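Subject: Two-chain model for you to look over

Hello,

Here is the structure I promised to pass on. Please open it before you read my notes.

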Amino acid sequence: MFRENLKYILPVVLPLIILALPASSFGIDGLTQVEHRVIAIFVMAALCWVLEPIPIYATSVLIIVFELLLISENGLWFATNDHPDLQGKLLAQSTIMATFASPIIMLFLGGFFLAMAASKYRLDINLARVLLRPFGHKPKYVMLGLMLITAVFSMFMSNTATTAMMLSILTPVLAFFGAKDLGKVAFTLSVPVAANIGGIATPIGTPPNAVALKYLVDQYSVSFAQWMVFGVPFVAVMLLIAWLLLVALFPPTITKIDLNIKGRFLKTPKALLVYITFIGTILLWLMGELHGMSSYVVAMIPVAVFSSFKIINKEDLRNISWDVLWLVSGGIALGVALDKSGLAANAIAAIPFANFHPLLLIVGASALCLLMANFMSNTATANLLLPLVAALGASMQSLLPYGGHVALVLAVTFSASLGMSLPVSTPPNALAYASGHIKNTQMLKVGVVIGIIGLLVTFAMVFLLNKMGIIGA
Amino acid sequence: MEKINIICVDDEREVLDAVMRDLDYFSDTFNIEECESAAECLDLLEELDAQQEYVAIIISDHVMPGKSGVELLSEIAVDERFLGTKKLLLTGLATQADTIQAINDARLDHFLEKVWDPQTLLQTVKELLTEYIVEQGIDYQAYIDKLDAPTLYRLIKP
C-alpha cells in the first residue's frame, strides 16, 4: 500500500524537504531564495515525470504555475517581499507565460497543421500507396519500403500518428502470414522502429528536438536545413541497420506480399492547396538562407493558409495535441528558470566539472539519456536532461575540441529518440505491441541493439561534424 | 485510471451469467454491471452519472417484462449524458418493426443474435470499447492491452 502510494508521496514530500533545508546545505555559494526554489521545482518535475503520478503534460503545467507563484515578480506575497540580496533575481511573469507560445511551440503548431491537413486530405495515405509501389512484392523489400516511408512521414508528422497509419495498412496483410512466420514480428516491429528513428531527421520530427532548439540559439543556432543535413544521413544509416537487423533476426518465410492500399489523390481545389502549401512550407524551411525567414516564421504560414481556407476548421482546431505542446512548454520553462535565476551558472561554478574528461561527459550524458528514454517519455527525458547538459556545455572550455556545446546537446537529443526497447518506451512501441504479434523479448532484443548502435552512430556523426567544421569552434 | 462501465441487461439470470462469463476478459480493468430489467438499468445509469463514471457499452436483451430493450436504448440514445455510449442489442426475438425502431431510434452500434458466439461477442465489445475510449479522449495507453489494435490504428489521427 505504502509502496503504491510512493509515486504520489515522493513528488510532494521531497520538494518540501528541499525547501525546508537551509540554503547552505546545497554546497553552492550565495544560493539565493529564488535559486533554492528552482531546485525544489526541478526535483518535483523530475519525480513527476519519472513516477507519473499525474499526466506528463500536467507536470509541465505545474512547473509553469509553481514558477509563477514562487519565482515571478507577480507571485505570492511572501515569495516576493524579501531583501533583494537574499531573494535573488525574480523572473517577469511574461517570461514564464511566454513559454506557452515560444517560437519553438509555434514551429510545432505549424507542423501539426501540416500533418492534420495532410491526413484530412489523404495526402499521407496516397503518398504511401504511390511510394510503396517500386518496392515490389518481395517481403524483404516491401519492409524496406515500409520503413523508409514511415521514417519520412514521421519527419513531419507525429511518430504515433505515422505508426498508427502504417500499422493499419499492414494489419490486413499480416493475416496472410503463417502462424509461425517470424516475418510478422519483423514487419510489426519495423514500423515503430522506423517511426522512432525517423523523428530524429528534422527539428519538427519529434518533441525532444524542439526542446533541443531552445539550447541551440545565438552562436550555436542550427537552422532547419542544417539540422536535416546531419539528421537525414543519420536516419538513413540507422534505418539500413535496423532493416538488416530485423531481416536477420526474423526472416519472413512467406515469398510474396501485396500491400493493397485503396484510394486516389484528391483533386479538389482545397486538396491542391494543401499539396502546394505542404511542399511550399517544406521548401521555405529548407531555403532559409535565401529568403531570410526563420523556420519559426515559416511555420506560421500553413497555420494562416489552412485557417483562412477552412481546411483546418474549428473542430480540427480542438483536436490539436495541446498536451504535446504544453509538455514542451514546461521543459522550456524549466530551462528558463534554471538559466534566468542564475542557478545553472552558479551550480556549474560550484562543481568541479572542469576535471571531468569532456568525452566522458558526452558519452555519460547520452547513455543516461538513452536509459531514461527507455523507461519514460522521450520528451520528458529531454526536458529534464537538456537544461542541465546545456548549462554544462556552454561553460566547459575543454569540450570545444570535441564539438563543444552543440555536440553535447545533439548527442543527448538523438539519444532521447533511441530509447525503444520496451512497449512503454514510446507510444509507437505500445501501438505495435498491442497488435499481439510481437513478444516483449523480441522488442527488447531489437530495441537494445538499435539503442546501442544508435549511440555509437551518434558519436561518429558528432565526430565527423566536428572534423568537417560544421559544429564546434 | 478512470472508472469505465459495461452494463448488461437481461431478464433471464442464465443469460446474464453467460454474458458475464464471456466478458470475463474485461473484468479486471473495467467494471461490468448486471441489470435484470430496463428500470434497474435506468436507475443504475443515474447512479453512475452521479458518480461521474463512464458508461462505455450497454448490452441489452429486447423482450423483457416492463420496458423493452429497444425502448430502453432509444431513451438512452437521446440522453445527452450518454451521447457516446455504445449500444448493443442481443436478442433472438426481434420483429422487423423492432429492428427498424432499433436502428432508427435507438441508433444501435451493433446487433447480435441469440444464441451468440462467445468469441464474436468478445471481439465486438473489444471494438466498441476501443471506439468509446478514443472518442471520449480517455488516455488509451492505460487500457491498451484490452483494446482492439486494428480499431485503434484506424482511429488515431495526428
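First, a caution. This is a predicted model.

**Chain A**

Chain A is helical, with 24 helices and zero strands. The C-alpha trace spans about 75 × 55 × 50 Å along its principal axes. Does the radius of gyration of chain A agree or disagree with that of a compact globule? It agrees: a compact globule of 473 residues would have a radius of gyration near 23 Å, and chain A has 23 Å. Of those 473 residues, 49% count as buried. Take the contacts in chain A between residues at least 6 apart in sequence: 81% of them join residues at least 24 apart.

Start with A:P11. This proline lies in helix α1 (residues 2-20) of chain A. Is A:P11 buried or exposed? A:P11 has 24 other C-beta atoms within 10 Å. The cut-off for a buried residue is 20 or more, so A:P11 counts as buried. Which residues does A:P11 contact, leaving aside its neighbours within four places in sequence? They are A:M44, A:L47, A:C48, A:L51 and A:P53. A:I41 is 30 residues from A:P11 in sequence, and their C-alpha atoms are 9.8 Å apart.

Now A:M372. This methionine is found in helix α20 (residues 358-375) of chain A. A:M372 has 21 other C-beta atoms within 10 Å, and is buried. A:M372 and A:V65 are 307 residues apart in sequence. In space, C-alpha to C-alpha, A:M372 and A:V65 are 25 Å apart.

**Where the chains meet**

The contact takes 17 residues from chain A and 12 residues from chain B. Which elements of chain A give two or more residues to the side that touches chain B? They are α7 (103-120), α10 (159-174) and α23 (427-434) of chain A. The largest share comes from α10(A), with six residues. By class, this side of chain A has 10 nonpolar and seven polar residues. It has no charged residues.

**Chain B**

Chain B has six helices and five strands. From the N terminus on, its elements run β-α-β-α-β-α-β-α-β-α-α. The C-alpha trace of chain B spans about 45 × 35 × 30 Å along its principal axes. With 158 residues, a compact globule would have a radius of gyration near 15 Å; chain B has 15 Å, which agrees. Of the 158 residues of chain B, 34% count as buried. Among contacts in chain B between residues at least 6 apart in sequence, 63% join residues at least 24 apart.

*The strands.* Look at β1(B). Five of its six residues are buried, so the strand is mostly covered. β1(B) pairs with β3(B) in the parallel sense, over six bridges. β1(B) also pairs with strand β2 (residues 31-35) of chain B, again in the parallel sense, over five bridges. Where are the bridge partners of B:I7? In β3(B) the partner is B:I58, and in β2(B) the partner is B:E33. The chain crosses from β1(B) to β2(B) through helix α1 (residues 13-22) of chain B. This β-α-β crossover is right-handed. One further bridge in β2(B): B:I6 has B:I32 as its partner.

*Helix α5(B).* Helix α5 of chain B covers residues 118-135. At 1.5 Å a residue, its 18 residues should span 26 Å. The end C-alpha atoms are 26 Å apart, which agrees. Which residues of α5(B) are buried? They are B:T124, B:V125, B:L128, B:L129, B:T130, B:E131, B:Y132 and B:I133. An α-helix has 3.6 residues a turn, so residues three or four places apart point the same way. B:T124 and B:L128 are both on the buried list. What covers the buried residues of α5(B) includes β1 (4-9), β3 (54-60), β4 (86-91), β5 (110-113) and α6 (149-155) of chain B. Just after α5(B), B:G137 takes a positive phi of about 75 degrees.

That is the handover.

Best wishes

Definitions and conventions: Residues are numbered from 1 along each chain as its sequence is written. Chains are lettered from A and ligands numbered from 1 in the order in which they are written. This is a predicted model: local features need pLDDT of at least 70, side-chain atom pairs count only at pLDDT 80 or more; totals for chains, interfaces and linings use all residues. Helices (H or I, at least four residues) and strands (E, at least two) are DSSP runs, numbered from the N terminus. The radius of gyration is taken over C-alpha atoms; the globule rule is 2.2 Å times the number of residues to the power 0.38. A residue is buried if 20 or more other C-beta atoms lie within 10 Å of its own, exposed if 12 or fewer, and partly exposed in between; C-beta atoms are placed from the backbone. Two residues are in contact if their C-beta atoms, placed from the backbone, lie within 7 Å. Ala, Val, Leu, Ile, Met, Phe, Trp, Tyr, Cys and Pro count as nonpolar, Asp, Glu, Lys and Arg as charged, and the others, Gly among them, as polar. The expected span of a helix is 1.5 Å times one less than its number of residues. Two strands pair if DSSP finds at least two bridges between them. A crossover is right-handed if, with the strands pointing away from the viewer, the path from the first strand over the helix to the second runs clockwise.
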